[in-house]
Amino acid sequence: MTKRTSKVFTYHDFDDDVVFTKNQNATIPEGYIWLHQNWFYRVTVTVVYWVAVVVSFVYCRLYLRTSFRNKRCLRTQGKRGAFIYANHTQPLGDALLPMLVTIPRRAYPIAEPANLDIPIVGRLLAMGGALILPAKLSQMIQFQRAHSIIQSLPTCPATA
């Protein structure tokens, strides 16, 4: 068994980012829907989400060998939910880790618009529950509506 080497990143400023995409300055297209209400889409999203949870387990736990400290603290939140801050260190792992941390509940991570341009993963982000940060005031209103709907959802695992 080979031992993996670790990378050490030193941050010099709170705005430093160690992971970049090709189109870092991307914006959300007009008419973007943060939370779909169509029942067929919601069923499809639930299936995609739980497939992504399995992929997340295989990739993050077995390949990247990630582990979590103090995960038991999340159990104390009950039905209230929690805000989890995770440092951005790897392109694919960052998209999958929130799903793994919040099992059996559903994660709704906040993501940058640049992530929508990542091949394959970008299209699956919204289906995975990612809320893309808006750039315009008109989009912020829709973003806040989606956020308030998510807060009112029951916390069962099958919530879409």
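Author: The model is a predicted one.

Reader: With which residue does the side chain of lysine 136 meet in a salt bridge?

Author: A search of the whole structure finds 1 salt bridge. Its N to O distance is 2.4 Å, and the cut-off for such a pair is 4 Å. The partner of lysine 136 is glutamate 30.

Reader: How many residues apart are lysine 136 and glutamate 30?

Author: Lysine 136 is in the loop between strand S2 (131-132) and helix H5 (137-152), whereas glutamate 30 is in the segment before H1. The pair therefore links distant parts of the chain, and the separation is 106 residues.

Reader: Is glutamate 30 buried or exposed?

Author: The relative accessibility of glutamate 30 is 58%. Residues count as exposed over 50%. Glutamate 30 is therefore exposed.

Reader: In what order do the elements of the protein chain run?

Author: The protein chain has 5 helices and 2 strands. Read from the N terminus on, the order is α-α-α-β-α-β-α.

Reader: How many aromatic pairs are there, and of what kind is the pair of tyrosine 49 and tryptophan 50?

Author: The count comes to 3 aromatic pairs. The ring centres of tyrosine 49 and tryptophan 50 are 5.3 Å apart, with the planes at 85°. Planes over 60 degrees apart count as edge-to-face, so the pair of tyrosine 49 and tryptophan 50 is edge-to-face.

Reader: Of what kind is the pair of tyrosine 59 and tyrosine 63?

Author: Both tyrosine 59 and tyrosine 63 lie in helix H1, 4 residues apart, which is about one turn of the helix. Their ring centres are 5.5 Å apart and their planes are at 25°. Planes under 30 degrees apart meet the cut-off, so the pair of tyrosine 59 and tyrosine 63 is stacked.

Reader: What are the relative accessibilities of tyrosine 59 and tyrosine 63?

Author: Tyrosine 59 counts as partly exposed, at 24%. Tyrosine 63 also counts as partly exposed, and its value is 46%.

Reader: Which residue lies over the face of tyrosine 49?

Author: Tyrosine 49 is buried, with a relative accessible area of 0%. Over the face of its ring, at 4.1 Å from the ring centre, lies arginine 106.

Reader: Which residues does threonine 66 touch, not counting residues up to four places away in sequence?

Author: Threonine 66 is in the loop between H1 and helix H2 (72-75). At 16% relative accessibility it counts as buried. With residues up to four places away in sequence left out, threonine 66 touches Cys60, Arg61 and Leu97.

Reader: Which residues make the nonpolar surface patch of about 640 Å²?

Author: One of them is valine 47, in helix H1 (residues 39-63). Valine 47 is exposed, with a relative accessible area of 51%. The patch is made by Trp39, Phe40, Val43, Val47, Val51 and Val55.

Note on methods. Residues are numbered from 1 along each chain as its sequence is written. This is a predicted model: local features need pLDDT of at least 70, side-chain atom pairs count only at pLDDT 80 or more; totals for chains, interfaces and linings use all residues. Side-chain values use heavy atoms; hydrogens and water are left out. Patches are made of residues with over 30% relative accessible area and no salt bridge: like charges are joined within 9 Å, nonpolar side chains (Val, Leu, Ile, Met, Phe, Trp, Tyr) within 5 Å. Accessible areas come from the Shrake-Rupley method with a 1.4 Å probe; for residues, only the protein chains shown count as cover. Buried means under 20% relative accessible area, exposed over 50%, partly exposed in between (1.4 Å probe, protein chains only). Contact means heavy atoms within 4.5 Å. Rings of Phe, Tyr and Trp (its six-membered ring) pair if their centres lie within 6.5 Å; planes under 30 degrees apart count as stacked, over 60 as edge-to-face and the rest as tilted. A charge sits over a ring if NZ of Lys or CZ of Arg is within 6 Å of the ring centre and within 35 degrees of the ring normal.
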